[in-house]
Amino acid sequence: MSQSYNRGLIEDFGRWKEFSAGMWAWIFHKFTGWMLIGYLFTHIAVLSSSLTSPEAYTTTIQGLESLFIIRVLEVGLLAVAVFHILNGIRLLMVDLGVGLEAQDKSFYASLIITGIIVVASVPTFLDGVTF
């Protein structure tokens, strides 16, 4: 006689351990897409300061660019954008039938390339920031 039980929420929270690279790629792609949409609204809000006067816009940009946390957020934005672009190219190739057998490797490659680009750009982003 087999036993059945209610799987409930406890087992569902542990399922992330079973995720393959494809599932993580999907999750990261959705997450980065939402992050880019969020950034778009923030970008529009900052640009709207130029509606009052060019000086207000310049003051806003100079004030934001001098903050360390803004520079860190810009590095994060770069990481999000680069990964989203590389994963989008990977998805395009998969849709075209190129590299179907190497999807996991291409996902890991996009993560590694994103990491290399972000680490290489950190000195540029932190140049001239006041702590």
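Modeller: Start with Glu65. This is a predicted model, and in it Glu65 has a relative accessibility of 27%.

Biologist: Why is Glu65 called partly exposed?

Modeller: The class lies between the buried limit of 20% and the exposed limit of 50%. Glu65 is at 27%, so it counts as partly exposed.

Biologist: What makes Arg71 and Glu65 a salt bridge?

Modeller: The rule asks for a side-chain nitrogen of Lys or Arg within 4 Å of a carboxyl oxygen of Asp or Glu. The closest N and O atoms of Arg71 and Glu65 are 3.3 Å apart, so the pair qualifies. By this rule the count comes to 1 salt bridge.

Biologist: Why is Arg71 called buried?

Modeller: Buried means under 20% relative accessible area. Arg71 has 10%, so it is buried.

Biologist: Which residues form the nonpolar patch on the surface?

Modeller: Ile85, Ile89, Leu92, Met93, Leu96 and Val98. Together they have about 560 Å² of accessible area. Patch residues need over 30% relative accessible area. Met93, at 33%, therefore passes that cut-off.

Biologist: Why is helix 4 called roughly antiparallel to helix 5?

Modeller: The axes of helix 4 and helix 5 (residues 103-126) cross at roughly 155°. Angles over 145 degrees count as roughly antiparallel, so helix 4 gets that label against helix 5. The two axes come within 9 Å. The crossing of helix 4 and helix 5 is right-handed.

Note on methods
Residues numbered from 1 in each chain as written. Predicted model: local features only at pLDDT ≥ 70, side-chain atom pairs only at ≥ 80, totals over all residues. Heavy atoms only, no water. Patch = residues over 30% accessible without salt bridge, like charges linked within 9 Å, V, L, I, M, F, W, Y side chains within 5 Å. Areas by Shrake-Rupley, 256 points an atom, 1.4 Å probe, with all protein chains shown as cover. Buried < 20%, exposed > 50% of the residue type's maximum accessible area, 1.4 Å probe, protein only. Axes fitted to C-alpha atoms, helices over the stretch in contact; angles between N-to-C directions. Helix = DSSP H or I, 4+ residues; strand = E, 2+ residues; numbered from the N terminus. Parallel < 35°, antiparallel > 145°, perpendicular 65-115°, else oblique. Left-handed = near helix turned anticlockwise from the far one by under 90°.
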